[in-house]
Amino acid sequence: MKKIVFILALALILASCRIPESITSEYDTNPFLKRKEVSVDNSSLVFFTDAHIGRERNRSDVVRYDDNFLSFIQEGGYDVVISGGDMADDGEMSESLKDFISDIMSTSSLYLETKGNHDRHPYDYKGFDFPSFFLNSIFKAKTHLTYADLMESEYGIDSTGSYLISTPDGDISIYILDNSLRSFSSRQLSWFEDALMKDDTDFKIVVTHGNIVSGGTFDHSLFLTGMGDEGEVSRFMDICQKGRVSLVLSGHHHKGNILYGDGRGYTEFNAAAYHRTDSVFESKGWWYTISLDREKREITIDGYDAESKSKKDSWKVVAKL
């Protein structure tokens, strides 16, 4: 038994040593300096997170209201749709996932998506596929590619990087960061800081999958966070504050609907999951619109119930103009 524990601990240590900088290995240069620009007619953005497509195969209580979501985008004339990650539950390139993404892209002008930890799962974690777990997750053997590996090359999805969106109410800078391995890495944060300091856009919004701040309500947010290094969290928050980021959007927590801050300092909105389950620790199914008002110097987050498409809650933060 002691030998097994020792081997597991050693494997985890080896894995953790490789995590931080591997998250930027696919980029030769700073991806945040290669800005993609798009002009749109609607100043409001649609945000959702944690669709976990494929989870319904393992849980009978999982429900998604995809038709409601797609009709909501069409009826509202929303041009920009952003996902907070965990689109795939097991990291699988399933036909259902392909169809869902294709439908979103066909109803919007720009679809952005950050990578989630489940998007990187290279093993069937529900089936106790231990050989794949050790080969792919611990020792990085890459016996098969995951959704996170192929989302940009296979689907043409816009992910890690910066995007300048010109709207009737002014320009918006969107930064998509990757913390799906519980780390941004020193290199990614340096790149992010460099790009942010050169960005004079008034409205700046950052999207990550893992929640940065935790403990906002008396539930599992008291101990569940997407980050593993307090020093890195502090550095990220400091960069956002100095770079005048108005809002950070995150997911991962599932129950969500927690606003940390009011816009004057570091401000993060931790969103509830797109899919619905019966668990009290999970979401009942939500998506959001993010609206910016230059005259009021304000950002409004409106939350919608997936089953009814009706607005259920609203949060306001001060914009750092």
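**Entry 1: confidence.** I began with pLDDT, the predictor's confidence in each residue, from 0 to 100. The mean for the protein chain is 87, and 83% of its residues reach 70 or more. Residues 1–18 have pLDDT below 50. Beyond near neighbours in sequence, that stretch has eight contacts in the model (a contact means heavy atoms within 4.5 Å). I reminded myself that where pLDDT is low, the predicted coordinates should not be read in detail.

**Entry 2: ground rules.** This is a predicted model, so I noted that local features need pLDDT of at least 70 and side-chain atom pairs count only at pLDDT 80 or more, while totals for chains, interfaces and linings use all residues. Residues are numbered from 1 along each chain as its sequence is written, and side-chain values use heavy atoms, with hydrogens and water left out.

Entry 3: Helices (H or I, at least four residues) and strands (E, at least two) are DSSP runs, numbered from the N terminus. Buried means under 20% relative accessible area, exposed over 50%, and partly exposed in between (1.4 Å probe, protein chains only).

**Entry 4: the partners of E12.** Two strands pair if DSSP finds at least two bridges between them. E12 runs antiparallel to E11 (residues 286–293), with eight bridges joining them. I found Tyr304 of E12 as the bridge partner of Trp287. E12 is also antiparallel to E13 (residues 311–318), here with seven bridges, and Asp302 has Ser314 in E13 as its bridge partner. The E11 and E12 hairpin has four residues between the strands, and Arg297 takes a positive phi near 55° there. In the E12 and E13 hairpin, with five residues between the strands, Lys309 takes a positive phi near 65°.

**Entry 5: Thr300.** Thr300 counts as buried, at 12% relative accessibility. Its side chain makes a polar contact of 2.9 Å with that of Lys316. A polar contact is a pair of N or O atoms within 3.5 Å; within protein, one must be able to donate a hydrogen and the other to accept it, and residues adjacent in sequence count only if both atoms are side-chain atoms.

**Entry 6: the core.** A nonpolar core is a set of buried Ala, Val, Leu, Ile, Met, Phe, Trp, Tyr and Cys residues joined through side-chain atoms within 4.5 Å. The largest one has 30 residues, and Ile82, Ile174, Tyr288 and Ile290 have the most contacts inside it. E11 gives the most to this core, with four residues.

**Entry 7: rings.** How many aromatic pairs does a search of the whole structure find? It finds 22. Rings of Phe, Tyr and Trp (its six-membered ring) pair if their centres lie within 6.5 Å; planes under 30 degrees apart count as stacked, over 60 as edge-to-face and the rest as tilted. The Phe69 and Phe100 rings have centres 6.3 Å apart and planes at 45°, so I wrote down "tilted". Phe69 is in helix H2 (residues 66–76) and Phe100 in helix H3 (residues 95–107), so this pair ties together parts 31 residues apart in sequence. Phe72 and Tyr78 form a stacked pair, 5.3 Å centre to centre with 20° between the planes.
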